[in-house]
Amino acid sequence: NGRLVHHVMLEMLDPGIFFEVDTYWVKVGGSDPSEVVKNLGDRAPLLHIKDGPANREEPMTAVGDGVMDIPAMLKAAGAKDKWLIVELDRCGTDMLEAVKKSYDYLAKL
(Lines give C-alpha, C1' and ligand atoms only; values in the text may rest on other atoms or scores of the structure.)
Protein backbone atom coordinates (compact mmCIF):
# COMPACT_ATOMS: atom_id res chain seq x y z
CA ASN A 1 0.00 0.00 0.00
CA GLY A 2 2.79 2.42 -0.83
CA ARG A 3 4.65 1.93 2.47
CA LEU A 4 8.31 1.04 2.78
CA VAL A 5 8.90 -2.43 4.15
CA HIS A 6 11.06 -1.28 7.06
CA HIS A 7 8.20 0.95 8.30
CA VAL A 8 5.90 -2.07 8.40
CA MET A 9 8.58 -4.17 10.07
CA LEU A 10 9.11 -1.53 12.77
CA GLU A 11 5.43 -1.73 13.63
CA MET A 12 5.11 -5.51 13.50
CA LEU A 13 8.34 -6.80 15.03
CA ASP A 14 9.11 -7.03 18.71
CA PRO A 15 11.06 -3.91 19.81
CA GLY A 16 13.94 -6.18 20.89
CA ILE A 17 14.62 -7.14 17.28
CA PHE A 18 17.19 -4.92 15.61
CA PHE A 19 18.04 -4.12 12.01
CA GLU A 20 21.33 -4.47 10.16
CA VAL A 21 21.16 -1.89 7.37
CA ASP A 22 23.14 -2.07 4.15
CA THR A 23 23.21 1.65 3.45
CA TYR A 24 24.54 1.30 -0.09
CA TRP A 25 21.74 -0.96 -1.24
CA VAL A 26 19.23 1.36 0.44
CA LYS A 27 20.46 4.09 -1.91
CA VAL A 28 20.53 1.80 -4.95
CA GLY A 29 16.93 0.90 -4.12
CA GLY A 30 15.93 4.55 -4.31
CA SER A 31 15.68 5.53 -0.64
CA ASP A 32 17.77 8.05 1.29
CA PRO A 33 20.13 6.14 3.63
CA SER A 34 20.27 9.10 6.03
CA GLU A 35 16.50 9.07 6.42
CA VAL A 36 16.33 5.30 6.81
CA VAL A 37 18.97 5.08 9.54
CA LYS A 38 17.48 8.12 11.30
CA ASN A 39 14.04 6.51 11.21
CA LEU A 40 15.36 3.20 12.56
CA GLY A 41 17.38 4.93 15.30
CA ASP A 42 18.60 2.59 18.03
CA ARG A 43 16.91 -0.33 16.30
CA ALA A 44 19.74 -0.28 13.72
CA PRO A 45 23.04 -0.70 15.63
CA LEU A 46 24.81 -2.32 12.65
CA LEU A 47 25.40 -0.31 9.49
CA HIS A 48 27.04 -1.67 6.36
CA ILE A 49 29.08 1.19 4.94
CA LYS A 50 29.89 1.02 1.24
CA ASP A 51 30.49 3.54 -1.50
CA GLY A 52 30.50 3.71 -5.26
CA PRO A 53 28.25 4.91 -8.09
CA ALA A 54 25.09 3.52 -6.42
CA ASN A 55 23.96 1.39 -9.30
CA ARG A 56 23.84 -2.37 -9.75
CA GLU A 57 26.15 -2.60 -12.75
CA GLU A 58 29.32 -0.80 -11.66
CA PRO A 59 31.77 -1.94 -8.98
CA MET A 60 32.03 -0.31 -5.60
CA THR A 61 34.82 1.99 -4.46
CA ALA A 62 36.60 2.78 -1.23
CA VAL A 63 34.36 4.62 1.22
CA GLY A 64 34.65 8.33 0.48
CA ASP A 65 35.29 7.86 -3.24
CA GLY A 66 31.70 7.41 -4.41
CA VAL A 67 28.34 9.16 -4.25
CA MET A 68 27.33 8.17 -0.72
CA ASP A 69 27.05 11.10 1.70
CA ILE A 70 28.73 9.26 4.55
CA PRO A 71 29.06 12.24 6.95
CA ALA A 72 25.35 13.09 6.62
CA MET A 73 24.35 9.47 7.07
CA LEU A 74 26.47 9.02 10.20
CA LYS A 75 25.11 12.25 11.64
CA ALA A 76 21.54 11.10 10.97
CA ALA A 77 22.29 7.69 12.48
CA GLY A 78 23.72 9.17 15.66
CA ALA A 79 26.82 7.03 15.07
CA LYS A 80 27.52 6.68 18.79
CA ASP A 81 27.16 3.01 19.73
CA LYS A 82 26.88 1.98 16.07
CA TRP A 83 29.00 -0.64 14.40
CA LEU A 84 30.19 0.59 11.02
CA ILE A 85 30.93 -2.43 8.85
CA VAL A 86 32.95 -1.66 5.72
CA GLU A 87 31.85 -4.14 3.12
CA LEU A 88 32.55 -4.18 -0.60
CA ASP A 89 30.57 -6.74 -2.56
CA ARG A 90 32.79 -6.16 -5.55
CA CYS A 91 35.43 -3.55 -6.17
CA GLY A 92 37.06 -1.99 -9.23
CA THR A 93 40.42 -1.71 -7.45
CA ASP A 94 42.46 -3.89 -5.11
CA MET A 95 40.03 -4.95 -2.37
CA LEU A 96 42.49 -4.67 0.54
CA GLU A 97 43.64 -1.23 -0.58
CA ALA A 98 40.00 -0.11 -0.77
CA VAL A 99 39.32 -1.44 2.75
CA LYS A 100 42.38 0.38 4.13
CA LYS A 101 41.42 3.60 2.36
CA SER A 102 37.86 3.22 3.71
CA TYR A 103 39.13 2.74 7.25
CA ASP A 104 41.37 5.82 6.97
CA TYR A 105 38.45 7.88 5.64
CA LEU A 106 36.10 6.82 8.44
CA ALA A 107 38.76 7.34 11.11
CA LYS A 108 39.07 10.98 10.04
CA LEU A 109 35.35 11.56 10.50
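This is a predicted model: local features need pLDDT of at least 70, side-chain atom pairs count only at pLDDT 80 or more; totals for chains, interfaces and linings use all residues.
Let's start with the strands. Three of them form an open sheet in the order β1-β2-β3, and the pairing is parallel. At the edges sit β1 (20–22) and β3 (83–86), each of which pairs on one side only. Ignoring direction, neighbouring strands of this sheet are turned against each other by 20 degrees on average. As a reminder, strands of a sheet pair through backbone hydrogen bonds, either parallel or antiparallel.

Strand β2 (residues 46–49) pairs with β1 in the parallel sense over three bridges. With β3, strand β2 also pairs in the parallel sense, here over four bridges.

| Residue | Stands opposite |
|---|---|
| E20 | L46 in β2 |
| V21 | L47 in β2 |
| L46 | W83 in β3 |

Which way do the residues of β2 point? L46 and H48 go one way, while L47 and I49 go the other, and all are buried.

**Helix α3 and its neighbours**

Next up is helix α3 (residues 33–40), which has a partner in helix α1 (residues 5–12): their axes come within 11 Å and cross at roughly 5 degrees. That makes α1 roughly parallel to α3, because angles under 35 degrees count that way. On the α1 side of the contact you'll find H6, H7 and L10, and they meet V36, N39 and L40 in α3. Sorted by type, the residues of this contact come out as three nonpolar, three polar and no charged.

Helix α3 has a buried side and an exposed one. P33, S34, V36, V37 and L40 are buried in α3. These residues span an arc of only 165 degrees around the axis, which puts them on the same side of α3. Over on the other side of α3, E35 and K38 are exposed. What lies over the buried residues of α3? The cover includes α1, β1, α2, β2 and α4.

**Helix α4**

Helix α4 (residues 70–77) has buried residues too, namely I70, M73, L74 and A77. They take up an arc of only 95 degrees around the axis, so they fall on the same side of α4. Among the elements covering the buried residues of α4 are α2 (23–28), α3, β2, β3 and α5 (95–108).

**A loop residue**

Last stop: D94, which sits in the loop between β3 and α5. Is D94 buried, partly exposed or exposed? Its relative accessibility is 40%, so D94 counts as partly exposed. D94 and V63 are 31 residues apart along the chain, and their C-alpha atoms are separated by 13 Å.

Conventions: Residues are numbered from 1 along each chain as its sequence is written. Side-chain values use heavy atoms; hydrogens and water are left out. Axes are lines fitted to C-alpha atoms, for helices over the stretch in contact, and angles run from 0 to 180 degrees between N-to-C directions. Helices (H or I, at least four residues) and strands (E, at least two) are DSSP runs, numbered from the N terminus. Angles under 35 degrees count as roughly parallel, over 145 as roughly antiparallel, 65 to 115 as roughly perpendicular and the rest as oblique. Contact means heavy atoms within 4.5 Å. Ala, Val, Leu, Ile, Met, Phe, Trp, Tyr, Cys and Pro count as nonpolar, Asp, Glu, Lys and Arg as charged, and the others, Gly among them, as polar. Two strands pair if DSSP finds at least two bridges between them. Buried means under 20% relative accessible area, exposed over 50%, partly exposed in between (1.4 Å probe, protein chains only). The arc is that of the directions from the helix axis to the C-beta atoms.
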